[in-house]
Amino acid sequence: MGIIKTKNLVHEFFRRDEEGNVEAITTALDHVNLDVKEGQFIAILGHNGSGKSTLAKHINALLSASDGTIWVDGMDVSQEENVIPVRRSAGMVFQNPDNQIIASVVEEDVGFGPENIGVPTDEIWERVEHALSTVGMKKYRAHSPNKLSGGQKQRVAIAGVVAMEPKCIVFDEPTAMLDPNGRKEVIATAHELNKKKGVTILLITHYMEEVVAADYVYVMEKGKIIMDGTPREIFSRVSELKEHRLDVPQVTLLADELRKSGVDIPAGILTREELVDAIMKVK
Amino acid sequence: MIRDITIGQYYPANSIVHKLDPRVKLFATLLYIIALFVYKGLAGFILITGFLILAVKMSKVPLKFILKGLKAIVVLLVITASFNLLLTPGEVTFFKWGVFQVSDTGIRTAVMMMIRLIYLIIGTSLMTLTTTPNQLTDGLEKSLSPLNRINVPVHAIAMMMSIALRFIPILIEETDKIMKAQMARGADFDHGNIIQKAKAMVPILVPLFVSAFRRADDLAMAMEARCYNGGTGRTKMKPLKYTASDRVAYLVIIGFLAAVILLRIFVPYFG
């Protein structure tokens, strides 16, 4: 079993009227099956309302399933006694950097998680030091988070999760509120964690460019996984993606248009370099 | 104007005052406030002023930064001063019109009140400027921990306080943003009488509250995701431990209050 595994996971949101009768049911997750192996970099793509954030919250035991099961690191999330251990092995970075920083000094915020799980004082300092240097924010350790840029704040939030030493980190649209520079910083940090520390990463996003370097991609719509595969497989299905109103990285789109008009280049081109190589090979 | 509120903000610097134990600073602030209301006469005033100047100098917080906090209470200052000035009867009356009068006692109380209020703000904001909200809450939590025995949720209260302090600047910024957005669409906050002005605030308060609740929800979730489970089983990154300078500070502040009281008793009306 992988580090995160779901079996027919269903989540329903109920809207109730004033008497508490169920008015409407929204199925946010509809029999989702997912198996993530340790050390992978997984991306989950989807529009607003596709259920991707709901899925993320299940991984962190912040929501409980209506039906089906989800295991994190071999633990059944629905068991009450597993909640804290699950949260220790799967950390989460949220969308809004302001709303997830608890303390008024960077280092104190990074120490918040380790404090909660009862790490001894000396070790907290080691972990904070280590986490801050991992995300490259060491020189801001005594700063107030309010004075940092969006990307920096988000890196502090990542450090806060890293300091808890989870096996897996779920990024729930971490770049949605950032400028392009901030987005680059955060995604680069996620990749570095994956490569250097072997942390399993689940990146939830709707930016196609951020998906390109992932090991495996799931595409969600209306609570279902509608496509899955490596980025190359996914992006070679340009017309299918377009049917679901999903964008394709511009390079991929250009390559696809070229191919359609008869230029002999392979499908599923993801980066500018690849496209240049492919075009150079064309006689 | 709204950005001038410095209460609850932390000014990072490397000074003796910053390094003091938050319990010392809380205790010192309490005694300082007592001293402010105990003192009488010029001698006490000089002593308190000297103490305050010394504390500000040692804290390495620029005086300008502290004084900015005063702007927010100018209205309060003016009202208090004018009430004291115009309504206090005294031995010598310089001016009288209906119930209003300006007397020697009036002038003296007005000035004293102004000084007290200004010093109060400077002193208390010096504490919050040199203590991170987390340290402050740790200090409160530790000082109030005996209350745990009578089932007061000290940790929860302390946590709420520290979060409230952390979000003050964020909510201020947000208020500013909402105000500007409303102004851009023609809202008028500067004209009209008090009631009209108050009514104009409603379209600011509603979105502010909505967003505050949303933030609270997000933050609660982020805290849960980081294994927050109340005060039980928590360790501290910065556990409170008294050092030699804390003990010295305790002595200094107790000595200060004693001196102020003694001056009041033995040198009462001097100036």
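This is a predicted model: local features need pLDDT of at least 70, side-chain atom pairs count only at pLDDT 80 or more; totals for chains, interfaces and linings use all residues.
A helix axis here is a line fitted to the C-alpha atoms over the stretch in contact, and angles run from 0 to 180 degrees between N-to-C directions. The axes of helix H2 (residues 22-38) of chain B and helix H6 (residues 104-130) of chain B come within 10 Å and cross at roughly 175 degrees. Angles over 145 degrees count as roughly antiparallel, so H2(B) and H6(B) fall into that class. On the H2(B) side, the residues that meet H6(B) include Tyr32(B), Ile33(B) and Leu36(B); among their counterparts in H6(B) are Tyr119(B), Leu120(B) and Met127(B). Sorted by kind, the residues of this helix contact come out as 7 nonpolar, 3 polar and 2 charged.

Chain A brings in a sheet. Its 6 strands make an open sheet with mixed pairing, in the order E6-E7-E8-E3-E9-E10. Strands E6 (90-93) and E10 (224-229) of chain A sit at the edges with a single partner strand each, so one side of each has no neighbour in the sheet. From one strand to the next, the twist averages 20 degrees. Within the sheet, E7 (residues 168-172) and E8 (residues 200-205) of chain A pair in the parallel sense over 5 bridges, and Asp172(A) stands opposite Ile204(A) in E8(A).

Then there is the place where the two chains meet. Chain A puts 34 residues into the contact and chain B puts in 28 residues. On the chain A side, the largest share, 6 residues, comes from H3(A). The chain A residues touching chain B split into 15 nonpolar, 14 polar and 5 charged.

Technical notes: Residues are numbered from 1 along each chain as its sequence is written. Chains are lettered from A and ligands numbered from 1 in the order in which they are written. Two residues are in contact if their C-beta atoms, placed from the backbone, lie within 7 Å. Helices (H or I, at least four residues) and strands (E, at least two) are DSSP runs, numbered from the N terminus. Ala, Val, Leu, Ile, Met, Phe, Trp, Tyr, Cys and Pro count as nonpolar, Asp, Glu, Lys and Arg as charged, and the others, Gly among them, as polar. Two strands pair if DSSP finds at least two bridges between them. Angles under 35 degrees count as roughly parallel, over 145 as roughly antiparallel, 65 to 115 as roughly perpendicular and the rest as oblique.
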